[in-house]
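Biologist: Can you put the model up? I have some things to ask about it.

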Amino acid sequence: MSVLLNKHSRVIIQGFTGSEGTFHATQMIEYGTKVVGGVTPGKGGQKHLGLPVFNSVSDAVKETAADVSVIFVPPPFAADAIMEAADAGIKLIVAITEGIPVSDMVMVKEYLSSRTARLVGPNCPGVITPGEAKVGIMPGFIHRKGSVGIISRSGTLTYEAVDQVTRLGLGQSTCIGIGGDPIVGTTTLDAVKLMMADADTEAIIVIGEIGGNMEAEAAHWIRDHGKKPVVGFIAGQTAPKGRRMGHAGAIIGGKGDTAAAKMEIMRSCGIHVVESPADIGKTVASLLKKQK
Amino acid sequence: MAFTKLVTGNLIKTEQNMNLHEYQGYQLLSRYNVKTADGGMAATPEDAVAIAAGLKEKSDSEIFVVKAQIHAGGRGKGGGVKVARSVDEVGELAGKILGMQLVTPQTGPEGKKVNRVFVARNVFYKGDSEPREFYMSVLLDRDTGKHVMIYSPDGGMDIEEVAQKSPERIFREIIDPAAGFQPFQSRRIAFNLGLSGNAYKDMLKFAPALYTAFKGSDAQLFEINPVLKTSDDQIMAIDCKVVIDDNALYRHPEIEAMRDLTEEDATETEAGKYNLNFVKLDGNVGCMVNGAGLAMATMDLIKLSGGEPANFLDVGGTASAETVEAGFRIILKDPAVKAILINIFGGIVRCDRVANGVVEACRAYGELPVPVIVRLQGTNAEEARDIINNSSLKVYSASSFADAARMVKEVLT
């Protein structure tokens, strides 16, 4: 068992022959991910990294039985790429691309609402089930198979949390980078539900940031339905109101968007909130110890 | 309750996305047949007089409004909006407002220099009915992932205040992404605003046109406060705040051309040239980090260690000698900075390369006036620490996040 991804997942890469696609496809293959091909319109029939290139996602699905796609397509074409993957019957779409126009994502979200595909991202590091498959741009070597599920809106901050967990001799069941944009395919709550239902996950780390309502929504669900310990951190305690902190979604509008407000809600819902990002790993370690 | 949350959670001043001036907003609105205040932009008192003279000929009214064009709200409170009772007075007032350092509740104490004014014909003229002011905006509702039109009969005021005091007076129409803005929604808006007769009919054109303008410009926000119902029952925009989604500017070169660099922070613009994402803050510890989330977390760590972050700086995926040096220069422009913390989690980017970049940047910069703490973790982190430790530079090397915090505390005391 694992969440979203395992060693049997058959992965294709959209934007396969571009520099980003090529580099990360290589890394994914080295990690042991079952990459079965890629898509670059106009280059169908060629071989790249020893794997077949297809003109369309539907061709790729037909020929390789792919069920996961990871998208490295540039922002102007990324929304189209996501919808193409959903149309072709891909089950898990991981969109790495940063900088997709918000109005494009409004359409994508609507398009996906009547389809079965799950989108993770955009503007995210991807999904990894250590020891089985890595679909994204995270450095594989910092991960270790284990029982901590990690959910995060950020890239390098996720790596930081992963690294802390690994250094304490623990490991991760699955890490989901949900992305830093105002509209994401998989919300914090969606990811929490998956982890709560996963037999391999014994504790969950939720790393949020300023802006939006996702952490509060997840916290309320955890209060009512949570069965595993959850550690929470919200980045941006020192961020000023009204300024976007890098991520398009990381901006404090009203009072509910601040790190303090989110941390308070999470605490009141029984989540173990840490003030310092340096304490994420040891807090989850102590909770797991208590359980045993 | 839901309305309050929605409104206060979304009506935001987004400075990193592209803001337009009021007069530029009118240009966009006019393109989509949204009725706006009659008038024009002037950069000199002479131009202002010429615009007023033209308006006088059309309407035979000698009352005008002169409005400072800056990227900040609350202009009236700072003396940036004045009523003139003759064409000559327009020239006088424009002369006073142009070049002034306008301070409003949103500009900060230093204010903003006014380079342009908008001269409008008076729209609060006498007629068969009383003029009324409404609030209307279009933006993204993050909870549903759909666009929403928010409106209220209480226009001309701070909408967050309305949301707090009388949330029942704030309405919203969620727009279906596939079907688009529907006529029944326009009718509901017009009824909720208490409109009848010609004003009702005018609103049935105004509301969908406003949404089309928002959508067509790939905006993040169109906020019209107030929307005016004139005494002769016309509906028009008499103010306009527009924020465009930077990520969509590639398909709107005509809007990109409206960018006013004098309104944007010079240091932040300079940082942008090096692909550095920089936001200035009022603290004493500068920081340079890869990734926005980690950057925010690093700022938080600085605060927990007894310092105050002096900036947000995301160096992105590549931290080369050139970008690190640019980062040093940008951070050290601020004399309040007492220390710099560099925090890089090397995933794809190798720490030893970053370390070499840091060493090179330190040498290129010359004598660094403040201590620098470098924390490199991830790919080739140990090699990186050796490079830093053997560099004979005044640079401290930390291995964990907690170590970095302790070192910040040490150098500050």
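This is a predicted model: local features need pLDDT of at least 70, side-chain atom pairs count only at pLDDT 80 or more; totals for chains, interfaces and linings use all residues.

Biologist: Fine. How many residues does helix 3 of chain B have, and how far does it reach?

Modeller: Helix 3 of chain B covers residues 45–59, so numbered by DSSP runs. The helix has 15 residues and reaches 21 Å from its first C-alpha to its last, close to the 21 Å expected at 1.5 Å a residue.

Biologist: Which residues of that helix are buried?

Modeller: B:Ala48, B:Ile51, B:Ala52 and B:Leu55 are buried. They sit on the same side of helix 3 of chain B, because they cover an arc of only 100° around the axis.

Biologist: And what is exposed on the other side?

Modeller: B:Glu46, B:Ala50 and B:Glu57.

Biologist: What covers the buried ones?

Modeller: The cover includes strand 2 (39–42), strand 3 (64–68), helix 4 (87–97) and strand 7 (117–121) of chain B.

Biologist: What about just after the helix?

Modeller: B:Asp60 is there, with a positive phi of about 60°.

Biologist: New topic. How much do chain A and chain B bury between them?

Modeller: About 4400 Å², with 59% of it on carbon and sulfur atoms. In chain A, the residues that lose the most area to chain B are A:Thr238, A:Arg243 and A:Arg244, together 15% of what that side buries.

Biologist: How many residues does each chain put into the contact?

Modeller: Chain A gives 60 residues and chain B gives 55.

Biologist: How many salt bridges are there across the interface?

Modeller: The rule finds three. A:Glu160 forms a salt bridge with B:Arg375, where the closest N and O atoms are 2.7 Å apart.

How values were computed: Residues are numbered from 1 along each chain as its sequence is written. Chains are lettered from A and ligands numbered from 1 in the order in which they are written. Side-chain values use heavy atoms; hydrogens and water are left out. Helices (H or I, at least four residues) and strands (E, at least two) are DSSP runs, numbered from the N terminus. The expected span of a helix is 1.5 Å times one less than its number of residues. Buried means under 20% relative accessible area, exposed over 50%, partly exposed in between (1.4 Å probe, protein chains only). The arc is that of the directions from the helix axis to the C-beta atoms. Contact means heavy atoms within 4.5 Å. Buried area is the accessible area (1.4 Å probe) that two parts lose on being put together, summed over both. A salt bridge is a side-chain nitrogen of Lys or Arg within 4 Å of a carboxyl oxygen of Asp or Glu.
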